[in-house]
Amino acid sequence: MSLAAIVVVAENGAIGKNGDLLCHLPADLKHFKNITMGHTIIMGRRTWDSLPKGALPGRKNVVITRNQHFTAPGAEVYHSLEEALEATANDGDRYILGGGMLYNEAFSLTDTLHLTLLHASFPDADTFFPEYDNSQWEEISREDHEADERNPYDYSFVELRRR
Ligand SMILES: NC(=O)c1ccc[n+]([C@@H]2O[C@H](COP(=O)([O-])OP(=O)(O)OC[C@H]3O[C@@H](n4cnc5c(N)ncnc54)[C@H](OP(=O)(O)O)[C@@H]3O)[C@@H](O)[C@H]2O)c1
């Protein structure tokens, strides 16, 4: 059983702007799907709102909100991170899907980071991944890719495990 964070993060720690992702990176969508399919994904309400087609198929979608009346078709709704983690304790692999608020709150509980490192900087972003100490994390795998006609920036898929 593992609690992982999965994120696309730029060189300056940026992850989002105006409620949306920084860029469209089709290679990451495939990577993200491979990793999360069949598992539990836990997200903040704003990230849920940003999903273009609602719940992501083939995964248990979990949304966290303080709004007691909030409903999310195709998802389970909880009102704190603790409540969500307790309710999914027997789910096997769980992935924190963001956004900034959720990554911050869950960071100390995560044992694994699935990072898609964007080799670009987004100075006007408004949402960031928490800063972390690299020496506390062991690199388990790394795949470097160059930009191509569909993916506008160089990027790396990196998996880190907490030491
Ligand atoms: N680069 C990536 O991989 C990635 C991934 C995901 C998201 N993003 C980006 O991140 C941005 C969204 O992040 P965000 O930080 O603004 O929002 P967020 O973390 O997605 O959601 C925040 C909301 O979650 C709820 N929440 C958070 N902590 C809670 C708690 N402890 N108890 C109850 N409810 C809680 C609250 O909902 P209520 O207001 O309803 O109470 C809060 O307003 C977007 O730009 C998105 O595109 C990027």
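Gly99 lies in the loop between strand 7 (93–98) and helix 4 (100–106) of this predicted model. Helices (H or I, at least four residues) and strands (E, at least two) are DSSP runs, numbered from the N terminus. A cis peptide bond, with omega about 0°, joins Gly98 and Gly99. Most peptide bonds are trans. Residues are numbered from 1 along each chain as its sequence is written. Because the model is predicted, local features need pLDDT of at least 70 and side-chain atom pairs count only at pLDDT 80 or more, while totals for chains, interfaces and linings use all residues.

Gly98 and Gly99 also belong to the surroundings of the ligand: with Gly16, Gly44 and Gly100, they are the closest of the 28 residues around it. A residue is counted here if its C-beta atom, placed from the backbone, lies within 6 Å of the molecule. At least two residues of this shell come from each of strand 1 (2–10), strand 2 (14–17), strand 3 (20–21), strand 4 (40–44), helix 2 (45–50), strand 7 and helix 4. The shell has 10 nonpolar, 13 polar and five charged residues. In this classification Ala, Val, Leu, Ile, Met, Phe, Trp, Tyr, Cys and Pro are nonpolar, Asp, Glu, Lys and Arg are charged, and the others, Gly among them, are polar.

Strand 7 is largely enclosed by the rest of the structure, because five of its six residues are buried. A residue is buried if 20 or more other C-beta atoms lie within 10 Å of its own, exposed if 12 or fewer, and partly exposed in between, with C-beta atoms placed from the backbone. Strand 7 runs parallel to strand 1, and four bridges join the two. Two strands pair if DSSP finds at least two bridges between them. In this pairing Ala5 stands opposite Ile96 of strand 7. Strand 4 also pairs with strand 7 in the parallel sense, over four bridges, and the bridge partner of Ile41 in strand 7 is Tyr95.

The largest nonpolar core has 32 residues, of which Ala5, Val7, Val9, Ile42 and Ile96 touch the most other members. Such a core is a set of buried Ala, Val, Leu, Ile, Met, Phe, Trp, Tyr and Cys residues joined through C-beta atoms within 7 Å. Two or more residues of this core come from each of strand 1, strand 2, strand 4, strand 5 (60–64), strand 7, helix 4, strand 8 and strand 11 (155–162). Strand 1 gives the most, with seven residues. Ile42, leaving aside neighbours within four places in sequence, is in contact with Val62, Ile64, Ala84, Arg94, Tyr95, Ile96 and Leu97. Two residues are in contact if their C-beta atoms, placed from the backbone, lie within 7 Å.

Three strands form an open sheet in the order 3-2-9. Its edge strands, strand 3 and strand 9 (127–128), each pair on one side only. Strands of a sheet pair through backbone hydrogen bonds, either parallel or antiparallel. Strand 2 and strand 9 are paired over two bridges, and Ala14 stands opposite Phe128 in strand 9. Two bridges also join strand 2 to strand 3, where Lys17 stands opposite Asp20. The hairpin of strand 2 and strand 3 has two residues between the strands. Asn18 is found in this loop and has a positive phi, near 50°. Most residues other than glycine have a negative phi. Asn18 counts as exposed, because it has 9 C-beta neighbours inside 10 Å.

Asp111 is found in another loop, between helix 4 and strand 8 (112–118). Asp111 is partly exposed, with 13 other C-beta atoms within 10 Å. Not counting residues up to four places away in sequence, Asp111 touches Ser2, Leu3, Arg161 and Arg162. The C-alpha atoms of Asp111 and Ala5 are separated by 8.4 Å, although the two residues are 106 residues apart along the chain.

The protein chain as a whole has four helices and 11 strands. Of its 163 residues, 29% are buried. Among contacts between residues at least 6 apart in sequence, 65% join residues at least 24 apart. The C-alpha atoms fill a box of roughly 45 × 35 × 30 Å along the principal axes. The radius of gyration is 15 Å, which agrees with the value near 15 Å for a compact globule of 163 residues. This radius is taken over C-alpha atoms, and the globule rule is 2.2 Å times the number of residues to the power 0.38.
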